[in-house]
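Thanks, everyone. Please look at the screen.

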Amino acid sequence: MREIVTLQIGGAGNAIGDSFWHVISHEHGVDYASGRFGGTSPLQLERINVFFNATASKRFYARTILIDTEASTIQRLNASSQLYRPENFVAGSESAGNNFARGYHTDGAAILDQVLENTRREVESVDSLQGFQLLHSIGGGTGSGLTSLIMEALVEQYPDNLLCNYVTIPSPNMSQVVVEPYNALLSTPALVNNSHLTFCLDNEALFQICNRNLKLKMSGYEHINHIVALTMSGITTCLRFPGQLNAGLRKIYVNMVPFPRLHFLIPGFAPLVTCKQQQFSKGTVSELVQQIFYSNNLLCAIDLRKGKLLTAAGIFRGRMSPREVDQLMTGVRNKNINNFVDWIPNNIKTAICDIPPRGLKMSATFIGNTTAIQTLFQRLLDASMSMLRRKAHLHWYTGEGMEEQEFQDAQQELQAIIDDYRSSAEGEDSGGGGGGGGGRSGSAESGEEEATPEAHCQYCTE
Ligand SMILES: Nc1nc2c(ncn2[C@@H]2O[C@H](COP(=O)(O)OP(=O)(O)OP(=O)(O)O)[C@@H](O)[C@H]2O)c(=O)[nH]1
Ligand SMILES: [Mg+2]
């Protein structure tokens, strides 16, 4: 079995991680509170070991390390579920206070050894590790600084395994902390140089999805995290259920990343509509295909039409015809040929899994590697540069041992990735080297389970 070890880091990383485990434990028939299997289909168990460990007493626990510089966030999770192994909680004594430097150099560094020790124990208990999945924000001090430190250590200790990051990107709509753009900027070098696959989860877009698409009254992150968890469940469908294209992290890497540096992926999800709107929808595969290419359904605040897709994938769930899905996806590419680079033929892939997510008859998850991501990076660069020019708030960082030069280096790295994406839109050599698309678009085998979606809405209580 090709197992994955998850590390959920900091406040956002742990909250999103918890939502993810909620969603996927249900899909695999495992009770979130007790960790006991109560499922009905052998398909739920066939690849459960990718994300869960089984105990001798037939209970399952999430193969995840829960990490934070402050204890309160992860203590709450410890109390809420037996899905988490008590030894896998790693907490420091004080939050990194929204400061990358404290996450990287002091408060975070103080718990690094324990993180690596717990990780080693999980790695040693599996048959054949495929990689790590790291969940974290880049706005917080722990999510940015400690994660960068952990990534450097993982790359050194496990050079043959892949690192996949699910990164929460800050938005002023969701957080008023002024130094978040600095933390995001300082996270760039580790993400560019050490991550193999980086899924960008932009709070700006998620805020809009809740307000505009779902008309939800927002208080806190609960709804946002649920949408993220549904999307992560979609992305990992092929890893967790048998017979799929992109059935491993490495396959996603090979199919989606044409050059090693250009590994920043934009996820999307459909349907993202209210129950009332759902009543007027025909509920067809064609609608899903249209929706996943709408910028309003992306978890990043970018406009797909302002760039070119290097690669794209659609992961469909529910009972549908693989032929129809393939034809519709190819149709989108043919109709919008100018929005796809012409130097990677067959750069759109599909996969189908019979088992729908809870509460839906059908769903589709999008993964896109698009040059339009420049606008997201430019937003982060501009936000940090306006403060950096005046050296505003810099003393919080230099006071913790950082040099001003580290900001300049990070800025250059962010500018370089913007330039790389820009030149690949123009068809020039991005300088990234290596990589390789390859593979024909394929569709998945059908599973056996009869879909039995429950009669409640994913997004509200209507
Ligand atoms: N999507 C989402 N974003 C969150 C959540 N919690 C915090 N954020 C965002 O994450 C950033 C703050 O990062 P946190 O993860 O709370 O910080 P941390 O990693 O714990 O770091 P410190 O608290 O500074 O030690 C801000 O941009 C918040 O808007 C969450 O549950 N979901
Ligand atoms: Mg925190």
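Domain 1 and domain 2 bury about 3200 Å² between them, and 66% of that is on carbon and sulfur atoms. Buried area here is the accessible area, with a 1.4 Å probe, that two parts lose on being put together, summed over both. In domain 1, the residues that lose the most area to domain 2 are Tyr 182, Leu 185 and Gln 374, together 27% of what that side buries.

This is a predicted model: local features need pLDDT of at least 70, side-chain atom pairs count only at pLDDT 80 or more, and totals for chains, interfaces and linings use all residues. Residues are numbered from 1 along each chain as its sequence is written, and side-chain values use heavy atoms, with hydrogens and water left out.

The bounds, from an automatic or database domain assignment, are 3-374 for domain 1 and 375-426 for domain 2. Domain 1 puts 41 residues into the contact and domain 2 puts in 33, with contact meaning heavy atoms within 4.5 Å.

Now the charged pairs. The rule finds three salt bridges across the interface of domain 1 and domain 2; it asks for a side-chain nitrogen of Lys or Arg within 4 Å of a carboxyl oxygen of Asp or Glu. Arg 379 forms a salt bridge with Asp 202, where the closest N and O atoms are 2.8 Å apart.

Last, the C-alpha centres of domain 1 and domain 2 are 25 Å apart.

Technical notes:
Chains lettered and ligands numbered in written order.
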